[in-house]
Number of protein chains: 2
Amino acid sequence: MTRNVLVLPGDGIGPEIVAQAVRVLDAVNEQFSLNIQHESALVGGSAYDETGSPLPEATLTKAKAADAILLGAVGGPKWDKLDMSVRPEKGLLGLRSNLELFSNLRPAILYPQLADASSLKPEIVAGLDILIVRELTGGIYFGQPRGIRTLENGEREGFNTYVYNESEIRRIGRSAFEAARQRGKRVCSIDKSNVLEVTVLWKEVMEEVAKEYPDVELTHMLVDNAAMQLVRAPKQFDVMVTGNMFGDILSDAAAMLTGSIGMLPSASLNAEGRGMYEPCHGSAPDIAGKGLANPLATILSVAMMLRYSLDAKEAADAIEAAVSKVLDQGLRTADIASEGCETVSTQAMGDAVLNALV
Amino acid sequence: MTRNVLVLPGDGIGPEIVAQAVRVLDAVNEQFSLNIQHESALVGGSAYDETGSPLPEATLTKAKAADAILLGAVGGPKWDKLDMSVRPEKGLLGLRSNLELFSNLRPAILYPQLADASSLKPEIVAGLDILIVRELTGGIYFGQPRGIRTLENGEREGFNTYVYNESEIRRIGRSAFEAARQRGKRVCSIDKSNVLEVTVLWKEVMEEVAKEYPDVELTHMLVDNAAMQLVRAPKQFDVMVTGNMFGDILSDAAAMLTGSIGMLPSASLNAEGRGMYEPCHGSAPDIAGKGLANPLATILSVAMMLRYSLDAKEAADAIEAAVSKVLDQGLRTADIASEGCETVSTQAMGDAVLNALV
Ligand SMILES: [Mg+2]
Ligand SMILES: [Mg+2]
């Protein structure tokens, strides 16, 4: 069975990092006989420049047909003055909503070779490998009613609504449990069930979902304690699952624990496990085209794509092992440069990963 | 002018740690001629045992008349099976709501002598001294409507309301700016104004309040970035002000940065600057009565009380300097014990602080 991957290089450093990631994808495709085909399309500012839309119809059609999407990054100062409706970021948001990518997988991984980059003590974070599963299309960021109203006494009042129904919670729960099956088989659900009713329901539905996954352990933790535990002992977690807002806060804190955000991949999945894969970092227009960008987060996004959308766990493992080997060899791009290590270009880093694969 | 302090020892280790803190209060009262009077009353489980209520009428009357309240801690397994309405914690909640203690001051301070206790690298956290001002009686934890309802399709939906009006934001803003005047004169307001309307209003009102305090600098930061910055470089902050829920999460994370929660005081203030002061830690019933408890968080709560409610900054500074001197001397209670340091009892720690004061 052929699997179709849509490649969306995007803007800034997007094309150069995606180029290296595609070389790696091609290599494992051959090595593991994965039968993957890929084609490219436009998204973001470069799509706007050519078609007047950050998400052209042709791109959306291809995206809907694809088994997985590999995205570089979008945006840059060139498009900052455009109307909100055609900003590069709208390309991403359009893909998320059209493909119903409600499950955001945010790993926080710290290769021991880079442990010095963290603000935490090496023994606390070296080898960190946790996955935060954040609900991405619901919760308080999308809840109605919302706004700012004027009260009878003339004062203004701001209000937002934190809301989840059972199906929304169930599908993100399943996504987290499926991910846990690919990893350490432990899910910690984060709520504020001692105060917020919406998270009382969240916790209940997670308990129901857990019954479908007897091989995966479910625990619960309050969000304020979770923030403390991420600082105190982050390696205690395997998969954490939580709503949109708590996930926004905790996944960013967890990413920062590693001290090297240029290394972190991410995924946004739908209910069928199809998804969009992209590095956590942005389009870095200041260094675009200079061969300085770190392609490893995008290469690791390919590994995630193989694991979560293309059922090719071995190929994913091989890529992650190759990245670790390259770090062992002392190769670093500028963003993770370190004394005693060799600073290499985007292309040279891609070469090294390819060599390490075989 | 006489100032009245109500002392509420509470349960567990409360009485022993408060006893040491009161000795320190008496000492600075005399040393700085502060004209402070104090009396004690019952609260929590011990109040329930004697009167049938965790917040007896007599205690509430005295609390309303006091300029400040010094609280030890409440709760313990002895009262865990009581009805919710008479649990020890209800004593605290009753004081907060009756006295309108809407401003929760949560310092995260790391004495350089204890920097090893942190999970962060010493150079990142040694000497940390930030203050998180958390709105305590509004926001989503109290917002209406709230609950779990059944939709027309039979599915359940949980919902909560994140709501603030202008006066609520203004008074917590003023509380933060007043606190900043006692410190580094910088306030960073935390919001999610790129998504949540209620925090758009929050940000606007903070800008208005800032005009009343031209000597204090105001900046803004998104909550997910704030969580990252607390991990990356916490010393960049002076005072952070935020709503109830974000404050809950960020203040616990900030406390954990220090690695020694047994050292952290806190305050809950009303609009007149009257307030309740207490250690962040709990009543630790397992070590109660053994002379093992660390009285320093309660002693530092006295310092906060002098600074924020009793207009006695010099006495506050003297207590904090005495605590630092005692740590320099290598004295530690069991919870902060460290190789090469002398582990001392609750009373001996109190003695040492008293000696260091003169
Ligand atoms: Mg974020
Ligand atoms: Mg808390």
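How much area do domain 1 and domain 2 of chain A bury between them? In this predicted model, the two domains bury about 870 Å² between them, with 58% of it on carbon and sulfur atoms; buried area here is the accessible area (1.4 Å probe) that two parts lose on being put together, summed over both. Because the model is predicted, local features need pLDDT of at least 70 and side-chain atom pairs count only at pLDDT 80 or more, while totals for chains, interfaces and linings use all residues. Residues are numbered from 1 along each chain as its sequence is written, chains are lettered from A and ligands numbered from 1 in the order in which they are written, and side-chain values use heavy atoms, with hydrogens and water left out.

The domain bounds, which come from an automatic or database domain assignment, divide chain A into domain 1 (1–101 + 270–358) and domain 2 (111–134 + 166–259). Their centres, taken over C-alpha atoms, are separated by 25 Å. Domain 1 of chain A brings 12 residues to the contact and domain 2 of chain A brings 8 residues, where contact means heavy atoms within 4.5 Å. On the domain 1 side, Arg307(A), Tyr308(A) and Leu327(A) lose the most area to domain 2 of chain A, together 42% of what that side buries.

The side chains of Arg171(A) and Glu100(A) meet in a salt bridge at 3.5 Å, N to O. Helix H10 (296–308) and helix H11 (313–328) of chain A are the elements that give two or more residues to the side of domain 1 that touches domain 2, and H11(A) gives the most, with 6 residues. Helices (H or I, at least four residues) and strands (E, at least two) are DSSP runs, numbered from the N terminus.

The nonpolar interior comes next. A nonpolar core is a set of buried Ala, Val, Leu, Ile, Met, Phe, Trp, Tyr and Cys residues joined through side-chain atoms within 4.5 Å; buried means under 20% relative accessible area, exposed over 50%, and partly exposed in between (1.4 Å probe, protein chains only). In the largest core, of 203 residues, Met245(A), Leu306(A), Met245(B) and Leu306(B) touch the most other members. Domain 1 and domain 2 of chain A both give residues to this core, so it lies between them. Not counting residues up to four places away in sequence, Met245(B) touches Leu196(A), Met245(A) and Phe246(A), along with Ile140(B), Tyr141(B) and Tyr162(B).

The two chains meet in a contact that takes 52 residues from chain B and 52 residues from chain A. About 4600 Å² is buried between the chains, and carbon and sulfur atoms give 61% of that area. The count of salt bridges between chain B and chain A is 10. Arg156(B) and Glu166(A) meet through their side chains in a salt bridge of 3.6 Å, N to O. E7(B) gives the most to the side of chain B that touches chain A, with 10 residues.

Helix H8 (residues 223–232) of chain A is mostly covered, with 8 of its 10 residues buried, among them Val223(A), Asp224(A) and Met228(A). The peptide bond from Gln144(A) to Pro145(A) is cis, with omega near -5°, and Pro145(A) sits in the loop between strand E5 (129–135) and strand E6 (147–150) of chain A. In chain B, the bond from Gln144(B) to Pro145(B) is cis, with omega near 0°. Glu100(B), although not a glycine, has a positive phi of about 50°; Glu100(B) is found in the loop between helix H4 (88–98) and strand E4 (103–109) of chain B and counts as partly exposed at 48% relative accessibility.

How values were computed
A salt bridge is a side-chain nitrogen of Lys or Arg within 4 Å of a carboxyl oxygen of Asp or Glu.
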